[in-house]
Amino acid sequence: MKKFVMAALGGTLASVVATTQFVGPLLAQEANRPASVYEQLDLFGDIFERIRAQYVTEVDEADLIEAAINGMLTSLDPHSSYLPPQDAEDMRVQTRGEFGGLGIEVTQEDGFVKVVSPIDGTPADAAGMEAGDFITHVDGESVLGLQLDEAVDLMRGPVGSEIVITVVREGEEEPFDVSIIRDTIKLTAVRSRLEGETVVLRVTTFNDQTFPNLADGLAKQVEEAGGMDNVNGFVLDLRNNPGGLLTQAIKVSDAFLEAGEIVSTRGRNPADGERFNAQPGDLAVGKPLVVLINGGSASASEIVAGALQDHRRAIVVGTKSFGKGSVQTVMPLRGDGAMRLTTARYYTPSGRSIQALGVSPDIVVEQPRRRPDEEEEETNNRFSRSEADLRGRLDNDSLSEDEIRQIEEDREKAEAAAQLREDDYQLAYAIDILRGLSALDPAK
């Protein structure tokens, strides 16, 4: 027993001595004067060597250096980070419009991974992920306390493999699991369609294909409508668009502006500030424009919405945008890696920054959630009857066949608009605004 106590005391003493030996030289760095950069680098070298030599298990030196670099960058803000060679290549591929993954844009907030937006037509979108969702676990493993890149790494995997994400959503009492099958994400930057007399341009991301897709889609829908005279306006749908390339945001804004500033950037050095101005030429030839935004509209989307709003070129409808008002520059590094560094803030033409504030819509329109009993209500409404359904009814003798046909066509348009309100209330609201502006146009 005495030997056991002595052995325990010996072990404790050894631990104290060892701790003193390890910590002593590090504390010796502290002095009355601040340590110089070179002294701090020496301190880093000491720590690196001791981890490599004395950590309980063998560590990969490259991983240590990479973690140190990434830690330095992520301590600055949520958008600065180190991109290892594979991640840097993935990012380059993504800006070209095709990449592998879930199709979800995320950021970090209060230690959790927050969904900025799911990308249209991707596995995350199909699985029902929504802007503002918080991801707490990936395949049962908590992401709390992980760096954003580490959490994203957990979500990566082979195409065709399943991932289970635990989600906390506002309005839901309990966390719930979402199963997603990873797939190759092929982005269509802009989807265009005709809703009645309105051209809808759905911009999902800002990559190299965005402006060409926008111009082509707009021209195609105008032609399908029978010419610009048959178009009452345009809806630019930027909801759940997480952003992308600054150059593409400028081109999309310029597509609807004849002149004036689009955006300005200001870095640490005032001399490095830039202003980007519109060139003559409006693809919509002055037709009314409504921009749709929500909490998933970020970065480049906010540049476009802010520019068109400040120039009073568009009515902005929806809910407050995400509020990312900073510019990241991707800098290639040796070894095929890259550094994403926040280098500037951007400002709308009126000089306002949307950082942490977002773009506020001119007209606030929430997207209502569908109630479980709505489907039953819709089924019951199918059995409603009118005079026209009654057997032996009298015919309307005051209208010609052409006039009756026109009334029926107008009714079909109104019913289509009503259906759109059920499917997408915010978009229907935007189209109603354009229809109202068209009705007030004295040229019509």
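M72 counts as exposed, because its relative accessibility is 56%. Here exposed means over 50% relative accessible area, buried means under 20%, and partly exposed lies in between, all with a 1.4 Å probe and protein chains only. M72 sits in helix α3. Helices (H or I, at least four residues) and strands (E, at least two) are DSSP runs, numbered from the N terminus.

Before going further, a word on the model. It is predicted, with local features needing pLDDT of at least 70 and side-chain atom pairs counting only at pLDDT 80 or more, while totals for chains, interfaces and linings use all residues. Residues are numbered from 1 along each chain as its sequence is written, and side-chain values use heavy atoms, leaving out hydrogens and water.

Accessible areas come from the Shrake-Rupley method with a 1.4 Å probe, and for residues only the protein chains shown count as cover. Helix α3 supplies three residues, the largest share of this patch.

Which residues gather in a patch of negative charge on the surface? They are E58, D60, D63 and E66. E66 belongs to helix α3, which spans residues 61-74, and is partly exposed because its relative accessibility is 31%. Patch members have over 30% relative accessible area and no salt bridge; like charges are joined within 9 Å, and nonpolar side chains (Val, Leu, Ile, Met, Phe, Trp, Tyr) within 5 Å. Asp and Glu count as negative and Lys and Arg as positive, with His and the chain ends not counted. The place of a charge is NZ of Lys, CZ of Arg, CG of Asp or CD of Glu.

**The nonpolar core**

Now to the inside. A nonpolar core is a set of buried Ala, Val, Leu, Ile, Met, Phe, Trp, Tyr and Cys residues joined through side-chain atoms within 4.5 Å. The largest one has 41 residues, and L214, F234, L236, F256, V291 and L308 touch the most other members. Elements giving two or more residues to this core include β11 (198-203), α7 (210-225), β12 (233-237) and β18 (338-347). Helix α9 gives the most, with six residues.

**Salt bridges**

How many salt bridges does the structure hold? There are 18, each being a side-chain nitrogen of Lys or Arg within 4 Å of a carboxyl oxygen of Asp or Glu.

| Pair | N to O distance |
|---|---|
| R156 and D87 | 3.4 Å |
| R156 and D153 | 2.6 Å |
| D310 and R352 | 2.8 Å |

R156 lies in the loop between α6 (148-155) and β7 (162-168) and D87 in helix α4 (residues 85-96), so this pair ties together parts 69 residues apart in sequence. R156 is partly exposed at 38% relative accessible area, whereas D87 is buried at 15%. D153 is partly exposed at 42%.

The bridge between D310 and R352 joins helix α9 to the loop between β18 and β19 (363-364), so it ties together parts 42 residues apart in sequence. D310 is partly exposed at 24% relative accessibility, and R352 is partly exposed at 27%.

Salt bridges also link D120, R191, R202, D237, R239 and D424 in a network.

**One last pair**

K251 is in helix α8 and is partly exposed, with a relative accessible area of 43%. K251 and F211 are 40 residues apart in sequence, and their C-alpha atoms are 6.4 Å apart in space.
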